[in-house]
Amino acid sequence: MSSEVRVRFAPSPTGYLHIGGARTALFNWLFVHHHGGKLVLRIEDTDTKRNTEEAAAAIYQGLEWLGINWDEGPHVGGNYGPYFQSQRTEIYERYLKKLQDAGHIFEDQGALRFRSPREHVIVDDLVCGKIDFDLTNPGTHPDMTVRRPDGSWIFHFVNVIDDIEMKISHVIRGEDHLSNTPKHIELYKALGATPPNFAHIPLILNRDGSKMSKRDEGASIATYIEQGYAPEAVRNYLCLLGWSPKDNREKIDIEEVVKLFELEKINRRNAAFDLDKCFWLNGQYIAQMPLDRFVELARPFLEKAKIDTSNENYTREVLSIVKEKIKLLKELPEWTSYFFTEEYEFDPAAVEKVFGKPEATSRLEALHHEFGNVAKWDWQTLETTLKSLAQKLGCKTGDLVHPARVATSGRSVGPSLYHMLEVMGKERVLKRFERAIAQLGAK
């Protein structure tokens with residue numbers, strides 16, 4: 001086995017990237033970045049009936065979105081390919097012949113089976129510790145099939161061959177694979193190969209203690225992409241599923257996780273998945289991220305909603321004032337669409353509540369007049385102007401704020417009104433006041 005740290009993430013493209021798979025990929029990535037090694041992405045696509053190209057694309061997209069880059073594999077290449085099991089048949093044939101020649105294989109109703117040596121196998125796991133598996137009883141440990149009667153390969157066999165061929169030094173995978181490991185070690189020994197180091201990481205459970213399945217809420221990485229979570233927030237949350245920095249911090253930069261990450265520090269207990277906590281962490285990330293990053297993440301959601309973001313400075317100013325309101329990026333069109341079109345609709349409930357008062361229109365007209373005389377169009381001046389008008393009219397500040405907000409946005413909630421008016425600019429605001437007075441004045 002090479003002295004270089006080499007790990008692999010080996011998903012099957014039969015569904016979308018599951019949160020458990022993403023966490024396994026992330027722990028492999030963290031380990032490799034901590035030790036300065038290589039992460040191999042290998043696609044286990046021997047199940048031809050269930051594999052789809054869409055599922056493979058979803059795996060790539062999910063990993064890339066999370067910032068988990070691989071050093072060898074699809075789209076990248078490397079010296080130990082092909083990186084799709086479906087293209088490695090000749091390699092498997094060669095290893096099968098080696099086992100056959102050594103007398104380890106027998107035929108059983110058309111299937112080829114590996115003859116177990118029938119002994120105790122010790123798995124010295126970096127997370128779970130030393131475990132003694134008793135494989136002496138054929139009733140509980142039948143001889144393993146390596147090739148089915150139809151010629152297709154069994155996962156256990158090809159998995160071991162690929163790990164040998166790709167010089168994998170550490171196998172980091174879910175604890176559900178722990179019971180398979182002694183079978184794999186039997187194969188390594190029969191082939192005269194040194195097994196890699198094994199580290200089986202705790203399962204991810206739902207709040208009720210059940211194992212997380214593909215149908216559970218929050219199980220698919222695609223959901224986080226669609227909902228508009230920040231990738232760095234989801235990645236941070238995944239780091240905390242089975243590992244912690246030991247100081248109760250929850251928001252922690254990935255560079256620091258890399259520095260602190262060691263397999264021996266992984267928790268033995270199963271990890272409890274809490275979508276509310278992930279959502280909270282996401283809110284923290286969005287609130288604290290630099291505006292440049294927020295604009296970068298926001299743009300696809302605005303473009304998908306057909307919002308014209310070609311005026312970059314204006315888009316940036318709009319996003320800077322709504323940023324504190326956003327919990328998920330999919331909410332952006334709702335919070336920003338009226339900034340980018342004059343065809344925005346007035347929310348009937350907001351109109352009824354605000355313009356149902358007969359004096360609302362005359363107050364908006366008075367504010368239109370005052371704002372028309374404002375020389376310096378910034379939020380402080382607008383606030384001072386509005387408040388002094390409210391004093392002059394003998395009304396509350398809100399009696400001017402609410403009509404101004406509905407007039408310029410069509411709704412009753414939004415970012416700070418004065419900042420909103422400043423960003424929209426004088427000409428646009430005055431025209432919107434005029435439109436509202438004309439359309440809503442008779443209410």
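Predicted model: local features only at pLDDT ≥ 70, side-chain atom pairs only at ≥ 80, totals over all residues.
Aspartate 378, at a relative accessible area of 10%, is buried.

## Other salt bridges

Across the whole structure, a search finds 31 salt bridges. One of them joins glutamate 342 to arginine 432, their closest N and O atoms lying 3.0 Å apart. This pair links distant parts of the chain, 90 residues apart: glutamate 342 belongs to the loop between helix H12 (332-336) and helix H13 (348-355), whereas arginine 432 belongs to helix H18 (residues 426-440). Glutamate 342 is partly exposed, at 38% relative accessibility, while arginine 432 is buried, with a relative accessible area of 0%.

A further salt bridge connects aspartate 108 and arginine 113, whose closest N and O atoms are 2.8 Å apart. Aspartate 108 counts as partly exposed at 27% relative accessibility, and arginine 113 likewise counts as partly exposed at 22%.

## Packing of helices H1 and H7

Helix H1 (residues 19-35) and helix H7 (residues 231-239) have axes that come within 10 Å and cross at roughly 85°. H1 is therefore roughly perpendicular to H7.

On the H1 side, the contact involves Ile19, Ala22, Arg23, Leu26, Phe27 and Leu30; these meet Arg235, Leu238 and Cys239 in H7. The residues of this contact comprise 7 nonpolar, no polar and 2 charged.

How values were computed:
Residues numbered from 1 in each chain as written. Heavy atoms only, no water. Axes fitted to C-alpha atoms, helices over the stretch in contact; angles between N-to-C directions. Helix = DSSP H or I, 4+ residues; strand = E, 2+ residues; numbered from the N terminus. Parallel < 35°, antiparallel > 145°, perpendicular 65-115°, else oblique. Contact = heavy atoms within 4.5 Å. Nonpolar A, V, L, I, M, F, W, Y, C, P; charged D, E, K, R; others polar. Salt bridge = Lys/Arg side-chain N within 4 Å of Asp/Glu carboxyl O. Buried < 20%, exposed > 50% of the residue type's maximum accessible area, 1.4 Å probe, protein only.
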